[in-house]
Amino acid sequence: MIGTVAAVPPVACFGEPRLTAGLDEFGSLDLAAHEEVHGPIGPLSISSLLRLAEDIQLTGRGGAGFPFARKLRAVLESARSQQSPPVVVVNATEGEPASWKDKVLLTRAPHLILDGAALAAYALDADEIVIGVADDGVGESSLAAALRERQMPVDTGIVTVPHRFISGEGGALVRGINGEAHIPPGRKQRASDSGVGGLPTLLSNAETYAQIAVAARLGPYEYAAVGLEKEPGTVLLTVGGAARRPAVVECPTGTPLAEVLALCDVPPGPGVLVGGYHGKWISAESAAHAEVSRAGLSAVGGTLGAGIILPLGEDTCPLGEVAQVVRYLAGESAGQCGPCRLGLPDLARATDLVVSGANPADTVRTAAGVIKGRGACSHPDGTGRFATSAMEVFAADVVAHTTRDGCGKRVKGVLGLPEAPNVVKRRLAVDWSRCDGHGLCAVVAPEFIRLDDNGFPSFPPTPVPTWLEGGATKAVQMCPALALRLTEE
């Protein structure tokens with residue numbers, strides 16, 4: 001829920017815990033407990049840190065999976081060429097509502113994040129560390145308390161950003177730290193060249209810094225003793241959706257996804273969303289054979305992303321669940337480029353029309369294809385990937401919705417969407433005893449209203465998206481027969 005502090009989900013682990021070590025005994029780790037559980041850690045030179053990151057093949061855990069060593073090297077080269085001190089930024093904003101893994105670290109193991117940031121700052125000879133957290137009330141106080149317990153190698157501050165999906169994008173976080181709007185910059189720019197204050201900036205996810213802190217203690221060989229050869233170590237997963245026991249799970253790479261789902265008591269269902277709202281849907285059959293790793297999930301058509309696993313049960317409408325998320329993502333856009341401002345509403349409309357049975361799945365694929373690769377950030381591509389993979393995995397449901405009266409299931413809303421407070425949902429309705437099929441409404445609001453084969457208005461049975469309310473209101477006002485109206489829920 002936006003504006004409320006939800007309980008942090010429980011933690012589970014396969015095998016020997018690393019990032020979650022000590023949490024079962026201490027609950028949350030203050031500095032004394034942290035040092036007792038994890039042991040001491042010393043500074044590393046830049047060459048040692050680079051070698052460690054390369055040896056363990058560490059990739060970013062925020063979604064993109066970019067090699068951490070390449071980021072380090074890029075920042076180092078920029079700092080040397082510009083003769084400027086770099087800045088280390090920890091992205092702990094976790095803007096996706098369904099994700100909780102970073103919040104678990106912030107609230108229960110904050111010193112691991114700080115250890116990793118301190119290692120990077122010392123190795124790069126940085127001037128400053130900035131940690132970005134969401135303003136949802138989760139994590140900021142525990143992080144601040146951890147900072148008061150210890151001495152960091154450089155000035156370290158906390159910056160809060162709005163708890164919105166798009167605020168967690170790297171460019172949006174940098175802009176927010178710089179005092180600008182918390183939205184992506186509108187053009188692609190590498191933080192390693194110009195980030196906070198225009199300085200070379202090492203920007204990575206909270207779990208990534210915690211991983212490098214674990215690896216610095218274990219060394220590359222012991223770190224790689226678990227997991228896959230090409231993706232060693234463990235990952236944190238947020239398992240929610242239809243899971244009866246939702247949890248943040250730490251597991252070695254290569255763990256069968258089916259075992260993770262069983263641990264969280266996931267009921268049988270038609271599909272699993274892997275990678276979060278910018279991820280992909282995979283079928284139940286694929287989930288039964290997939291392993292938890294970037295390569296393993298990619299092999300079955302999925303993606304690890306930020307480690308978000310959202311299964312559906314049999315008791316909800318899959319397409320209705322998908323449409324809710326697409327509408328949310330369209331509303332979360334920065335609205336500063338065509339693919340977001342125009343393309344995402346069109347994609348949301350196309351998805352709604354598939355749910356209503358008015359359009360085939362190809363309309364969703366077409367709408368996603370129009371925006372692919374054209375956005376100023378990854379938001380349009382990620383949303384399109386989410387929607388189009390759903391059309392493939394839930395093909396049988398598409399047939400049921402477009403050729404019959406639907407799947408017969410209501411939408412339970414199990415995908416972890418936030419509820420905006422005091423938002424009135426409005427739906428269009430038609431008094432068919434009055435409607436004469438003038439067609440003016442479809443001219444005034446073509447994004448939401450179309451004419452059927454008989455010339456009468458047709459629109460999705462879903463609430464009118466906020467970005468289309470103006471057009472819908474105008475259509476109601478201009479209806480010659482006074483047949484169209486907006487109802488409130």
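**Contacts, cores and overall form of the chain**

Biologist: Leaving aside neighbours within four places in sequence, which residues is Val88 in contact with?
Modeller: This is a predicted model. A contact here needs heavy atoms within 4.5 Å. Leaving aside neighbours within four places in sequence, Val88 is in contact with Ala117, Ala120, Ala121, Leu124, Ala126, Glu128, Ile129, Val130, Leu202 and Tyr209.

Biologist: Which residues have the most contacts inside the largest nonpolar core?
Modeller: The largest nonpolar core has 56 residues. The residues with the most contacts inside this core are Val88 and Leu202.

Biologist: Which element gives the largest share of this core?
Modeller: Elements that give two or more residues to the core include the strands β2 (87–92) and β3 (128–134). Helices on that list include α3 (46–55), α4 (68–82), α6 (110–124) and α9 (206–218). The largest share, 10 residues, comes from α6.

Biologist: Is Asp135 buried, partly exposed or exposed?
Modeller: Asp135 sits in the loop between β3 and α7. Its relative accessible area is 46%. Buried means under 20% and exposed means over 50%, with partly exposed in between. On that scale Asp135 is partly exposed.

Biologist: What distance separates the C-alpha atoms of Asp135 and Thr160?
Modeller: Not counting residues up to four places away in sequence, Asp135 touches Thr160, Val161, Pro162 and His163. Asp135 and Thr160 are 25 residues apart along the chain. Their C-alpha atoms are separated by 5.4 Å.

Biologist: What is the radius of gyration of the chain?
Modeller: The secondary structure comes to 20 helices and 14 strands. For 489 residues the globule rule gives 23 Å, and the chain's value is close to that, so the chain is as compact as a globular protein of that length. The radius of gyration is 24 Å.

Biologist: Among contacts between residues at least 6 apart in sequence, what percentage join residues at least 24 apart?
Modeller: Buried residues make up 54% of the 489 residues in the chain. Of the contacts between residues at least 6 apart in sequence, the part joining residues at least 24 apart is 72%.

Biologist: How far apart are the mean positions of the positive and negative charges?
Modeller: The chain has 41 positive and 53 negative charges. Their mean positions are separated by 5 Å.

Key:
Residues are numbered from 1 along each chain as its sequence is written. This is a predicted model: local features need pLDDT of at least 70, side-chain atom pairs count only at pLDDT 80 or more; totals for chains, interfaces and linings use all residues. Side-chain values use heavy atoms; hydrogens and water are left out. Helices (H or I, at least four residues) and strands (E, at least two) are DSSP runs, numbered from the N terminus. The radius of gyration is taken over C-alpha atoms; the globule rule is 2.2 Å times the number of residues to the power 0.38. Buried means under 20% relative accessible area, exposed over 50%, partly exposed in between (1.4 Å probe, protein chains only). Lys and Arg count as positive and Asp and Glu as negative; His and the chain ends are not counted. The place of a charge is taken as NZ of Lys, CZ of Arg, CG of Asp or CD of Glu. A nonpolar core is a set of buried Ala, Val, Leu, Ile, Met, Phe, Trp, Tyr and Cys residues joined through side-chain atoms within 4.5 Å.
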